[in-house]
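User: I am new to this model and would like a close look at one part of it. Please start with the overall picture.

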Amino acid sequence: MSYGNRRYWITFNGEIYNFIEIRAELEGKGHRFGTGTDTEVLLAAFVEWGESCLTRLNGMWAFAIWDVHHQRLFLSRDRLGKKPLFYAETPFGFAFASEMKALFPLLGTVEANSDLIRDRARLFTYETTSECVIRGISRFPAGSYGWFEKGRLRTSRWWCTLDSLPRVPARYEDQVDCLRELLIDSCRIRMRSDVPIGTALSGGLDSSSVIATMKEVARRGGGQRGGKDWQHAFVASFPGTPLDESHYAKDVAEHLGVPATFIKMDPVGAMGRLEEFFYLFEDLYITSPIPFMLTYGAVKKAGISVTLDGHGADELFGGYSFDYLFALRDAGVSVGQALGIIRTFYDSWPKKTQQFPALPHPLLYLGRWHLAYLKSKLIGRPTEDSSSDAAHEKWDQLDHLSRQLYRSTHETVLPTLLRNYDRYSMANGVEIRMPFLDHRILTFAFALRWQAKLRGGYSKAIIRDAVKPFLPPNIVWRKSKLGFNSPVVDWFKGPLRAIFLDMIADKAFRQCDLIDPIAASEAVHHVIESPLASFQDGERAWTLLMPYLWERAVVKRSEAAA
């Protein structure tokens with residue numbers, strides 16, 4: 001699209017949710033619009049405010065604007081990097097795209113970044129670096145903008161969460177009310193749509209909170225351009241496995257009066273599409289893409305192109321059990337608070353099964369807490385508090401739990417998951433909107449003390465209290481957490497057993513230099529043959545196999561195409 005007498009041209013991937021409000025402000029400044037799109041509003045905002053327009057945007061994006069007059073290119077990516085942006089210096093010039101494969105024809109050769117791929121320890125960290133799994137391609141940083149002119153790209157960071165922490169109410173009850181209204185407004189502007197809207201509903205607290213809040217938005221009238229057709233829930237089902245939580249999702253759907261579509265996972269049928277899934281996914285992860293690809297494929301098949309999902313709540317508000325242990329340092333000398341944190345940790349662990357063994361006795365963790373507390377007092381800040389933003393003046397205002405969550409949100413877990421879900425959904429032509437990652441909720445979360453997140457024996461306490469008027473009690477006060485994963489152990493032992501045994505016996509597998517074929521084979525055999533194989537064993541086996549599958553789907557396919 002062009003703007004300003006065809007001086008400015010844009011290519012844009014994403015959504016600006018508050019474009020209606022920005023448009024009204026721009027019209028007051030004399031701008032006139034020929035469409036009803038957020039793209040035209042974004043262009044006009046750039047013309048009016050230049051780089052500073054970014055701070056006004058509430059949305060997800062990667063976009064490029066070409067200034068014909070000055071012959072220079074402006075690139076930008078949203079605060080948390082929900083939308084991808086890659087670039088490369090090629091024999092044909094500077095190139096950028098939303099997918100690495102779009103750049104392959106310009107590279108000359110497509111070469112795997114073997115050092116990165118072999119390093120399993122970096123699976124949750126490389127997404128926030130410029131390094132990619134293909135040599136010669138770089139990742140544009142999240143929360144940044146850049147100018148390319150005269151053959152050079154110069155980037156600048158425009159967003160740091162610590163710069164925008166708000167004042168939060170002192171009383172917990174007021175904090176709850178504040179979060180509830182923020183979540184309602186976040187859903188309201190994300191429900192602006194000209195097409196039907198759906199939800200990927202797991203039955204956990206986060207996705208249930210989103211669809212329940214959508215119903216509250218609809219009850220209040222929906223607002224300007226609000227989508228009316230939003231009652232579509234999609235539930236991934238893993239019958240007969242420990243990861244099946246579809247009965248919780250059924251409870252939520254029935255409570256809200258929303259029809260639910262249950263998607264039974266068929267791993268055998270999907271294995272024939274695994275190479276295509278990897279080609280579309282492009283990157284590496286610890287579990288199979290099958291259930292995620294099938295879920296959003298079913299969403300699209302049902303005629304839904306937009307979903308509002310619950311991603312981000314775990315990282316912002318403390319949803320991962322091992323993060324709770326960082327709060328032990330915040331408990332200080334209060335043994336009562338420490339025991340409450342440890343009990344929350346134990347209650348969140350999945351019910352003991354063959355795949356999820358029992359945890360050690362709570363007193364072991366209490367002893368470790370005392371040692372960590374004494375260490376922090378004797379030698380100062382623990383090494384675990386390191387972060388790329390640790391030098392920021394507000395870093396020391398964060399408690400220990402918030403520092404850990406900050407790392408998960410900005411540097412490790414969440415950036416990886418945002419990348420993954422963008423690939424899973426967009427591969428199927430579905431756009432995921434994430435109300436919990438509205439920047440107003442993001443900054444609110446890091447302005448809270450740890451007691452608002454771990455409270456009364458519950459994790460994510462403030463979310464539970466915010467949505468309890470909307471959801472059934474068994475969902476609000478449920479403590480155990482599984483998450484949306486592949487039941488890899490059950491699949492290795494059952495329907496996919498022969499496929500994986502044939503794979504590790506193949507000559508090409510044994511000759512792949514991106515893996516350790518002996519270690520991978522042993523890991524697969526252990527999961528298949530051992531009655532004590534755990535969920536972690538299954539993830540390890542998959543992680544060792546994955547580079548072989550990835551190379552065949554991405555690198556070998558591009559070589560064949562060339």
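User: How many helices and strands are there in the protein? Then take me to the second largest pocket: which residues lie nearest its centre?

Analyst: This is a predicted model, where local features need pLDDT of at least 70, side-chain atom pairs need 80 or more, and totals for chains, interfaces and linings use all residues. Residues are numbered from 1 along each chain as its sequence is written, and side-chain values use heavy atoms, without hydrogens or water.

The protein has 24 helices and 14 strands (DSSP runs numbered from the N terminus: H or I of at least four residues, E of at least two). Its radius of gyration is 24 Å, close to the 24 Å from the globule rule for 562 residues, so the protein is as compact as a globular protein of that length (C-alpha atoms; the rule is 2.2 Å times the number of residues to the power 0.38). Along the principal axes, the C-alpha atoms fill a box of roughly 70 × 65 × 55 Å. Of the 562 residues, 59% count as buried (under 20% relative accessible area; exposed is over 50%; 1.4 Å probe, protein chains only). Consider the contacts with a separation of 6 or more: 72% of them join residues 24 or more positions apart (heavy atoms within 4.5 Å).

Now the pocket. The second largest pocket has a volume of about 480 Å³ (an open set of points on a 1 Å grid where a 1.4 Å probe fits, with protein on both sides within 12 Å along at least five of seven lines; the volume is the space filled by probe spheres set on the points). Its lining holds 25 residues (an atom within 4 Å of a point). Nearest the centre of the pocket lie Arg79, Thr128, Pro141, Ala142 and His410. Two helices supply at least two lining residues each: H15 (400-410) and H16 (413-426). By type, the lining divides into eight nonpolar, ten polar and seven charged residues (Asp, Glu, Lys and Arg are charged; Ala, Val, Leu, Ile, Met, Phe, Trp, Tyr, Cys and Pro nonpolar; the others, Gly among them, polar).

Two loop residues deserve a glance as well. Most residues other than glycine have a negative phi. Lys150 has a positive phi, near 50°. Lys150 sits in the loop between strands S8 (144-149) and S9 (152-157). At 84% relative accessibility, Lys150 is exposed. Glu282 also has a positive phi, about 75°. Its loop runs between helices H9 (274-281) and H10 (290-301). Glu282 is buried, at 1% relative accessible area.
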